[in-house]
Amino acid sequence: MSKKILSLLLTFVMIFMVVSPVSYAVSAASYAQTLRDKDFPESYVTILTKLHSKYPNWEFKPLKTGLNWQTAINGERSSHRHQSIQKLSSRSKAYYCTCSNCYSDGYYRVVESPNWVAASEKAVKYYMDPRNWMTPQYIFQFETMEYDSSVKQSGVESILKSSFMHNKNITYKNGSGKTVTLKDSKGNTVKYSKAFMDAGKAANMNPYFLASKVMLEVGSNDASRASGSSGTKMPFTGIFNYYSIGASSNATQGLEWANGFPRTLRATKLYSTYNTSTKKVGGTVTNLKASQYVAYHATYGDYYKVRLYSTDGYSYSSGKVGYVKKSDIRTTYFTYNRPWTTPYKTIVGGAKYIRNLWGKYQYNDYLQKFNVNPNSGYLYAYEYSITVNAPVKASESTYRAYKDAGILGDKHTFTIPVFNKMPAKNCVVDSSSSEVTRDTSMSDTTTSTTTSSSTNQVKGLKLSKRTSNTLTFKWNKYSGATKYYMYIKNVTQGTHFDKTVTTNSGTIRGLTPGNKYSVHVRAYTKKGWTKYSPYLTRHTVPPKVTGLKRTSKPTENSVSIKWNKVSGATGYKVYTYNKKNNTYKVIARFTKNSGTLKNLTGGKNYTICVTAYVKDSEVKTGGVSNKISFKTATPSVAAVSVKSVTSPSTTKIKVTWEKGSGAANGYQILWARDSKFSNVIATTNIANVSTKSYVGKNFTKGRTYYIKVRAYKNSSGKKIYGKWSGTKKFTCK
């Protein structure tokens, strides 16, 4: 090789080594400016620019919430119980709320058994701060849940890896307790991962998103451990609910939802036998009254096989199994593929339900936990989970799936909330917590119970069930114990009593609804009585709310309501009731027996009801009150009339208008090439009500255009439009 050629090569290498970093710096600076142009704050820009340099196909979009950071935090914590976190020995106490409603007598109030408690404000800020999760592993909580054709079944298998569904064909227990292997129309077995792929296509949702949701609800190595996935939970044998939809207080409620709420429409008969050859019923006949609860098992000709049951909303008692005429059974709520009699049905039908309920405004894991989208019309409500780190866990699953499937670097779109007045630095829980890596291995498998350092003492005391007049407690068996003594205080009334049992559990009956009770237990052995366990304090479920009524005429966005005070209640939850699918959604919480519902949508019909709750169990509420219905006032929008249309210069058209009486926040101009506006060429939105003219550009000289204008008003995050002005015809100069 000549010296001249070698010199040229060395020169090329040196140029490449010098220019390449500079080119990258320019590229990064250019992308950073792109993010700024999208109105991302500077604290986001730095992090997202680094992510983009590693994954250039990723796209980031801001969700401009318009909310002050602290306002959003306060809104999410309007009920501390709706921000729960598992109490683990690996976490510092700074993660748990210590307000008087969440911590007393040395114990954290359990939000959900066995050891889920209310998260502290610092913990909520930590999990809500988007800057803490802008890493490859956690960014996917912001990915939109739209279907993506690049999704692979192998990626779904990766998400299901630690569960009973991983690489398994769908096998389940039907209503008769028989084990069945699901097969498709061609007689082939169907894997769980295939069901998620089918569900994604049917609901236009990302299968990875759906699989992650199910893993959070029922993911385990044994399907029988989760009520929603076992198919053996009485009285709903053969019914499945993998997404836990409708399970507001317990898993059985979710199965009742998945069952489709069938009832007898009228007085009818239940037959004990059905002849598949003659298609006739027979055997023992049981007379049924109208509105009898029934659990669907199967269809036989003109009959449904069902199981009778009764319920008070929390507990369920099973009855006879038999056959009832289809025409005598209510099937109004057999929507979304219900009854979900197979795992396939619940996976596909549940996906459609989630899409319908959350798809428009709560389109990623973050928003389904922290609803800060102002366009939803129901800030801080209708959230899929109460667990503060649910988006983090879901993102971890999605990240693993993408990485294992080899599509981590493909195009992914992330919509990230932006708040006003955020702190300059990322929010942390305590000085030892890392903004990104602290929760990388949250297994959430550790349990904690009430214990003492003393060995001569009953341990593990916990509440296992409660109603309005009963409390059931369990504790660890004490070696050699022949009986246990329960000492009970009614803290509310200042009375006390006791109960002796021979097993390591006991139900206290005849209690007062909404009262506070403290219990401790000791065991009796050949050596005598042990020491008492520490006290455990719990409330009974409060009684049903009565007397709900309106106390004001509904305005466009609000209405005031009142109801009778419930003794012992800590607070009240107001629900909207959807008659079509018999579902309830919380829209407000109050500590007093009155309040004003805000952020309602103008011109909309509402049906509402109220329940009461106690401080250590907001989930376990009292009976639903009477329902009342009303319609909010229809928003009035000012009329607009076009004064003139002129051409200030070539290819420009100026429109001038005036606003009539009434409210408005802005205007919309429509430009078309025909009088019927079937060929619209442009739509101009003007978010300034004081503006009364607009100059459009780049029109064609000598061509005729048709123009009209209307006003709009902002109402609960939506635009309400007024009537169009008259149409103006104009030929561009």
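Predicted model: local features only at pLDDT ≥ 70, side-chain atom pairs only at ≥ 80, totals over all residues.
Student: Why is Cys102 called buried?

Tutor: Buried means under 20% relative accessible area. Cys102 has a relative accessibility of 2%, so Cys102 counts as buried. Cys732, at 3% relative accessibility, also counts as buried.

Student: What makes Ser27 partly exposed?

Tutor: The class called partly exposed lies between the buried limit of 20% and the exposed limit of 50%. Ser27 has a relative accessible area of 44%, so Ser27 is partly exposed. Ser27 belongs to helix 1, residues 3-37. Ser27 and Ser53 are 26 residues apart in sequence, and their C-alpha atoms are 8.8 Å apart in space.

Student: Why are Lys279 and Ser291 called exposed?

Tutor: Exposed means over 50% relative accessible area. Lys279 has 58% and is therefore exposed; Ser291 has 51% and therefore counts as exposed. Lys279 is in the loop between strand 9 (268-275) and strand 10 (280-288), and Ser291 is in the loop between strand 10 and strand 11 (294-300).

Student: How do you know that the peptide bond from Met234 to Pro235 is cis?

Tutor: The omega of that bond is near 0°. Pro235 is placed in the loop between helix 8 (227-230) and helix 9 (251-259). The bond from Arg338 to Pro339 is likewise cis, with omega near 0°, and Pro339 lies in the loop between strand 13 (316-325) and helix 10 (343-358). In general, most peptide bonds are trans.

Student: What makes strand 2 and strand 5 edge strands?

Tutor: The open sheet has 3 strands in the order 2-6-5, with antiparallel pairing. Strand 2 (84-86) and strand 5 (110-112) each have a single partner strand, so one side of each is left without a neighbour in the sheet. From one strand to the next, the twist averages 50°.

Student: How do you know that strand 2 and strand 6 pair?

Tutor: Pairing requires at least two bridges. Strand 2 and strand 6 (residues 116-118) have 3 bridges, in the antiparallel sense.

Student: What makes both faces of strand 22 covered?

Tutor: In strand 22 (residues 536-539), Leu536 and Arg538 on one side and Thr537 and His539 on the other are all buried. Strand 22 runs antiparallel to strand 20 (residues 516-525), and 4 bridges join them. Within strand 22, Leu536 is the bridge partner of Val519.

Student: Which residues make the contact between helix 3 and helix 4?

Tutor: The axes of helix 3 (residues 69-76) and helix 4 (residues 121-128) come within 10 Å and cross at roughly 115°. Trp69, Gln70, Ala72, Ile73 and Glu76 of helix 3 meet Glu121, Val124, Lys125 and Met128 of helix 4. The residues of this contact divide into 5 nonpolar, 1 polar and 3 charged.

Definitions and conventions: Residues numbered from 1 in each chain as written. Heavy atoms only, no water. Helix = DSSP H or I, 4+ residues; strand = E, 2+ residues; numbered from the N terminus. Buried < 20%, exposed > 50% of the residue type's maximum accessible area, 1.4 Å probe, protein only. Axes fitted to C-alpha atoms, helices over the stretch in contact; angles between N-to-C directions. Contact = heavy atoms within 4.5 Å. Nonpolar A, V, L, I, M, F, W, Y, C, P; charged D, E, K, R; others polar.
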